[in-house]
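Please go through this structure with me one feature at a time. I would like to learn how each feature is read.

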Amino acid sequence: MRRTMSIMHPVSKLMLPHFRYTLNINTNARADLIKEGGIIEKCFSPGAYAMRLTSAAYGEKWRFRLQALPEDLKHRRIMDKQDKLCFTDYPYAEDGLDLWEAYQEYFKDYLQLYYKTKIDITGDKELQNWWTEVKVRQHPVCSM
């Protein structure tokens, strides 16, 4: 994000708390957890090549849009197409959807301060450059 967007950009200010430690966490995970011969491979997989096979299969099926909680719950058949939970006692889904809704409302209200129309969004070169980088450089095989 910092390559394409000013630190003063409103979206940058909005996203920074969410990205703050992501790089450090991912670097440590690659160094210790998911590397060849790492903790995950030693403790949770059937062998030396399982991580490679799993990564290849996961890479073909992973979709950015399915990472949103409501879409994930629908995909796993925990929530139906009418957004009704299929279980009466599933705190992760119940609490998660409450948080999801609160975040959605907050982000929408915040972004509407800066973007009144779709033209404002498409005309923001920094935002467009960042989103292009997300699609092309970070998740090139994903369907958005």
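The dialogue below takes up several features in turn.

Q: What kind of model is this, and how are residues numbered?
A: This is a predicted model, in which local features need pLDDT of at least 70 and side-chain atom pairs count only at pLDDT 80 or more, while totals for chains, interfaces and linings use all residues. Residues are numbered from 1 along each chain as its sequence is written, and side-chain values use heavy atoms, with hydrogens and water left out.

Q: How is a helix defined, and where does Ser 12 lie?
A: Helices are DSSP runs of H or I with at least four residues, strands are runs of E with at least two, and both are numbered from the N terminus. Ser 12 belongs to helix H1, residues 10-19.

Q: Is Ser 12 buried or exposed?
A: Buried means under 20% relative accessible area, exposed means over 50%, and partly exposed is in between (1.4 Å probe, protein chains only). Ser 12 has 5% relative accessibility, so Ser 12 counts as buried.

Q: Which residues is Ser 12 in contact with, leaving aside neighbours within four places in sequence?
A: Contact means heavy atoms within 4.5 Å. With those neighbours left aside, Ser 12 is in contact with Met 1, Met 5, Ser 6 and Ile 7.

Q: How many salt bridges are there?
A: A salt bridge is a side-chain nitrogen of Lys or Arg within 4 Å of a carboxyl oxygen of Asp or Glu. By this rule there are four salt bridges.

Q: Which residue forms a salt bridge with Arg 3?
A: The partner is Glu 133, and the closest N and O atoms of the pair are 3.0 Å apart. Arg 3 lies in the segment before H1 and Glu 133 in helix H8, so the pair ties together parts that are 130 residues apart in sequence. Arg 3 counts as exposed at 54% relative accessibility, whereas Glu 133 counts as buried at 13%.

Q: Which residue forms a salt bridge with Glu 71?
A: Glu 71 pairs with Lys 74, with 3.8 Å between the closest N and O atoms. The two are three residues apart in helix H5, so about one helical turn separates them. Glu 71 is partly exposed at 32% relative accessibility, and Lys 74 is partly exposed with a relative accessible area of 27%.

Q: Which residue meets Asp 72 in a salt bridge?
A: The side chain of Asp 72 meets that of Arg 76, at 3.1 Å from N to O. Asp 72 counts as partly exposed at 22% relative accessibility, and Arg 76 is partly exposed with a relative accessible area of 38%. Separately, salt bridges that share partners join Glu 71, Lys 74 and Asp 83 into one network.

Q: What is the phi of Asp 83, and where is the residue found?
A: Most residues other than glycine have a negative phi. Asp 83 has a positive phi near 65° and is found in the loop between H5 and H6. At 49% relative accessibility, Asp 83 counts as partly exposed.

Q: What is the phi of Arg 77?
A: Arg 77 also has a positive phi, near 60°. Arg 77 lies in the loop between helix H5 (69-75) and helix H6 (91-112), and counts as exposed at 70% relative accessibility.

Q: Where does Asp 124 lie, and how far away is the nearest side chain of opposite charge?
A: For charge, Lys and Arg count as positive and Asp and Glu as negative; His and the chain ends are not counted. Asp 124 lies in the loop between helix H7 (118-122) and helix H8 (125-138). Asp 124 is buried yet has no salt bridge, and the nearest side chain of opposite charge, Lys 125, is 8.8 Å away.
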